[in-house]
Amino acid sequence: MNNNNKFHLSDLLNVEGATVFFALAVLVLFSSVFAPSFLTPENISNVLVQSVFVMILGIGMTYVLISGGIDLSVGSAMGLAAAVCVYCINAGLPLPLALLLGLATGAAAGFVNAYLIVGLGFADFIATLGTLSLMRGIVEVMTASTRLNSKDPGFMFLAGGSLGGVPFAVLVALVVAIVAGVILARTTMGRAVYGVGLNPKSSFLAGVLVNRVRFSVFVVSGLCAGLSGILLASRLSSVHPAMGTGYELTAIAAAALGGASLSGGRGSVLGTALGALFLAILQNTLSLMSVNAFWFQIITGVIIVLAVLMDGGVRRFVAQRARAA
Amino acid sequence: MTVVSQNPPSTNGIAEALQSFAGRPGAGIFLFLVVFLPVISFFAPQMLQEANLAGILNQMVFIFIPTLGMTIVIISGGIDLSVGSVIGLSGGVAASLLGVGLPLPLALMAGIAAGAAIGFLNGIVITRLKVPDFVATLAMMGVVRGVLYVWTSGVPFRNYMDPAYYLIGGLRMVAGKLTLPVFVALALLLILTFVLKRTWIGAHFRATGSNAEAARLSGIRPARVKLMAYVASGTLAAITGVMLAGRLTTVHPAMGAGYELETIAAAVMGGAALSGGRGSFWGALVGALTLTVIQNAINILNIESTWENIIIGGIILFAVLIDRAAMALSRTALRGRPH
């Protein structure tokens, strides 16, 4: 912020997630012009739904990243929660109960991670690596022994149905984003997460229950992973053993695009949501333009680096202007 | 400050030696392995057969060599997620150059050079462009993998093998039942251990990893040190990649995928601390060996491969726990020693 009260255009850049917003705007512009049938209602609806899975995952990941940690197990947690949910549906349990159990599985995964990291003192990288393998293994065992697909209409509605023209999954993501964003940006709890990430010792001295914050963020991440997994299973109407593999890296990418730093203390739900949208639109555009699918990884990698660079550059630029003012 | 006395009181030398050993990186895992092997061999005596043990060594090399590079990077305070993709690409470079008729030594060197170049690029992006190492190597992992896919058009490289390559890839035995890669790994281990422990390079890596700012004030250039670490990691991954291309006789575009997590696990199991400054190559050896032994045990005991992930995940957590417990025990035991 500058010291005089005049508004400069560069003040906009200080808003969280500003850079990804501009990048997104450029991408949408580009796609509208160069990608055939990008602006059709079906395609837009499709892309929005496609972005939901990484978005919800990314929002949970944002909490963990801001607090200075990392959760590599969310991809496997997605698969596990989905497996439990579909298993329950097939076993005849009412849909709400099955959904609840699926979400509870995600939360439980978060609890295990949190206990390993906060309770037993494991490094979060290693602990979530271990749970990643463990949960993936459980999913593989489950899918090997029972068929995990479901055409239950209620279940299919989650990712396939719409309310008032808006896909239900998108509404879910919107609610998650609003709730998570408000908590993070406007409540003491949320500020505590930033504090723990920026300076755990100072936060502790200021009365923040650092360990409790670190514990909760992993549970949040697990819960989001569970929700995302259930939605993905609904879209695919089945759970396959490799489901969710690699999603953790995309979620981290979305968060990084949105301004989250891997050393903690920075990031925002809005930024991550826009980042997830950006990645989904990028993939959609490339496939609409018939670009060889393999190029997607290359382009995504380069873009991630550019986005991080831009974000750092923009922050330095804004800080310089603030100093000069 | 402790004063070194002229006549240190006599103590039980063996107990003290054991306690100080327990504190070394990877010691806990090593003890785990020493206990684990006889127990498993009780259920599956074939495990201790010469052929199987040699097979474990031959197999372990392909995790061990990239783990050496990962250990260097972790010691200097970074992380390298791109090793899996580098393994794939370097193998692809070697294979395709062989396919167009280049002599084997040149093709191998080109593959290794490609890995070193990627490592260099990683280092530049991280030290000059100040991108966090996790993000940079994550992006590089995707980019390099994508390049391999585009280059191969999704179709594996084939028909490039020649007799010497069978030897280098470890498909022909060299001494007893051991293959050439084992000796390559041994040579690398000895060279790198010497460099890390006895030269200024090793000290600079550790200093940069523990406290980059303090290192800089001491006259070390952390940027240059980290750059060297990433080049080393890329090179070692590439050495693995060109050997792996020989072993597998085809280069599938997904070759090497997933290796980064295994090497990180092996390095950490061997005592490397992700916060930097700590790590050892012998520990890396123990870590790589443990992972391979477990996979071998799962195969021999005919455990369904679906259980493999569960077991590996559990073992990683268990092994790290043991290592930390051993370290903690060693610290408290040695703390009580009179000077």
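In the predicted model described here, the contact between the two chains draws 36 residues from chain A and 34 residues from chain B, two residues being in contact if their C-beta atoms, placed from the backbone, lie within 7 Å. On the side of chain A that touches chain B, α5 (124–145), α11 (247–257) and α13 (295–324) of chain A each contribute at least two residues, and the largest share, 15 residues, comes from α5(A). Helices (H or I, at least four residues) and strands (E, at least two) are DSSP runs, numbered from the N terminus. Divided by class, this side of chain A holds 23 nonpolar, eleven polar and two charged residues, where Ala, Val, Leu, Ile, Met, Phe, Trp, Tyr, Cys and Pro count as nonpolar, Asp, Glu, Lys and Arg as charged, and the others, Gly among them, as polar.

Residues are numbered from 1 along each chain as its sequence is written, while chains are lettered from A and ligands numbered from 1 in the order in which they are written. As this is a predicted model, local features need pLDDT of at least 70 and side-chain atom pairs count only at pLDDT 80 or more, whereas totals for chains, interfaces and linings use all residues.

Chain B contains 14 helices and two strands. Of its 339 residues, 50% count as buried, a residue being buried if 20 or more other C-beta atoms lie within 10 Å of its own, exposed if 12 or fewer, and partly exposed in between, with C-beta atoms placed from the backbone. Among contacts in chain B between residues at least 6 apart in sequence, 78% join residues at least 24 apart.

The largest nonpolar core comprises 206 residues, of which Ala82(A) and Cys85(A) touch the most other members; such a core is a set of buried Ala, Val, Leu, Ile, Met, Phe, Trp, Tyr and Cys residues joined through C-beta atoms within 7 Å. Helix α11 (residues 222–248) of chain B gives the most to this core, with 15 residues. When residues up to four places away in sequence are not counted, Ala82(A) touches Gly102(A), Gly229(A), Ile230(A), Leu232(A), Ala233(A), Val239(A) and Met243(A).

Helix packing was examined for two pairs in chain A. The axes of α8(A) and α10(A) come within 10 Å and cross at roughly 105°, where axes are lines fitted to C-alpha atoms, for helices over the stretch in contact, and angles run from 0 to 180 degrees between N-to-C directions. The buried residues of helix α8 (residues 188–198) of chain A are Ala192(A), Val193(A), Tyr194(A), Gly195(A), Val196(A) and Gly197(A), and they pack against α2 (41–66), α7, α9 (200–205) and α10 (210–236) of chain A.

In the second pair, the axes of helix α3 (residues 74–90) of chain A and α11(A) come within 6 Å and cross at roughly 125°, and the two helices are therefore oblique to each other. Here Val74(A), Gly75(A) and Met78(A) in α3(A) meet Tyr247(A), Glu248(A) and Ala251(A) in α11(A), a contact whose residues divide into four nonpolar, one polar and one charged.

Helix α4 (residues 95–119) of chain A has 25 residues, which at 1.5 Å a residue should span 36 Å, in agreement with the 34 Å between its end C-alpha atoms; the expected span is 1.5 Å times one less than the number of residues. Just after α4(A), Gly121(A) takes a positive phi of about 80°.

Most residues other than glycine have a negative phi. Ser153(B) is placed in the loop between α6 (133–152) and α7 (163–169) of chain B and is exposed, with 9 other C-beta atoms within 10 Å.

Notes:
Angles under 35 degrees count as roughly parallel, over 145 as roughly antiparallel, 65 to 115 as roughly perpendicular and the rest as oblique.
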